[in-house]
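Biologist: Hi! I'm new to this one, could you walk me through it?
Modeller: Happy to, here it is.

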Amino acid sequence: MDLLQFLYDRAIPLTLFTTLGLFSLMFAFALYKSKPRLSKGLVTIGMSLSFILLLISAASFVFTVFLGYNS
């Protein structure tokens, strides 16, 4: 099977992981823009959580495409 067929078969979980990744990027961008108004510790924790969520989302996306979720 080709990659497009894999994506079509696994559309629902991939949409969820893509949405989580986009949310993480938007959250990081919002923190970056409001950095002068927030404390340094809060920005550091927020960026760390955003980065961890982005990594989890990307790893889940790759796992779902190539290894998991057999329909």
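Modeller: One term before we start: contact means heavy atoms within 4.5 Å. This is a predicted model, so local features need pLDDT of at least 70 and side-chain atom pairs count only at pLDDT 80 or more, while totals for chains, interfaces and linings use all residues. Residues are numbered from 1 along each chain as its sequence is written, and side-chain values use heavy atoms, with hydrogens and water left out.

Biologist: What box do the C-alpha atoms fill?
Modeller: Roughly 50 × 15 × 15 Å, taken along the principal axes.

Biologist: What share of the residues is buried?
Modeller: Buried residues are 23% of the 71. Buried means under 20% relative accessible area, exposed means over 50%, and partly exposed is in between (1.4 Å probe, protein chains only).

Biologist: Let's go back to contacts. Which residues does Ser-50 touch, leaving aside its neighbours within four places in sequence?
Modeller: With those neighbours set aside, Ser-50 is in contact with Ser-24, Phe-27 and Ala-28. Ser-50 sits in helix H3, and it counts as buried at 5% relative accessibility.

Biologist: What about Leu-53, which residues is it in contact with beyond its neighbours within four places in sequence?
Modeller: Leu-53 has contacts with Leu-20, Phe-23 and Ser-24 once those neighbours are left out. Leu-53 is also in helix H3, and it is partly exposed at 27% relative accessibility. From Leu-53 to Phe-23 is 9.1 Å, C-alpha to C-alpha, though they are 30 residues apart in sequence.

Biologist: What share of the contacts joins residues at least 24 apart?
Modeller: It's 72%, counted among contacts between residues at least 6 apart in sequence.

Biologist: New topic: how many aromatic pairs are there?
Modeller: The count is one. The ring centres of Phe-23 and Phe-27 are 6.3 Å apart and their planes are at 20°, so the pair is stacked. The rule is that rings of Phe, Tyr and Trp (its six-membered ring) pair if their centres lie within 6.5 Å; planes under 30 degrees apart are stacked, over 60 edge-to-face, and the rest tilted.

Biologist: Where do Phe-23 and Phe-27 lie?
Modeller: Both are in helix H2 (residues 11–33), four residues apart, about one turn of the helix. Phe-23 is partly exposed at 47% relative accessible area, and Phe-27 is partly exposed too, at 36%.

Biologist: Which residues form the nonpolar patch on the surface?
Modeller: Leu-3, Val-62, Phe-63, Phe-66 and Leu-67, with about 550 Å² of accessible area together. Patches are made of residues with over 30% relative accessible area and no salt bridge, joining like charges within 9 Å and nonpolar side chains (Val, Leu, Ile, Met, Phe, Trp, Tyr) within 5 Å. A salt bridge is a side-chain nitrogen of Lys or Arg within 4 Å of a carboxyl oxygen of Asp or Glu.

Biologist: Which helix gives the most to it?
Modeller: Helix H3 (residues 40–66), with three residues. Phe-66 lies in helix H3 and is exposed at 58% relative accessibility. Leu-3 lies in helix H1 (residues 3–9) and is partly exposed at 46%.

Biologist: How far apart are Phe-66 and Leu-3?
Modeller: They are 63 residues apart in sequence and 9.3 Å apart in space, C-alpha to C-alpha.

Conventions. Accessible areas come from the Shrake-Rupley method with a 1.4 Å probe; for residues, only the protein chains shown count as cover. Helices (H or I, at least four residues) and strands (E, at least two) are DSSP runs, numbered from the N terminus.
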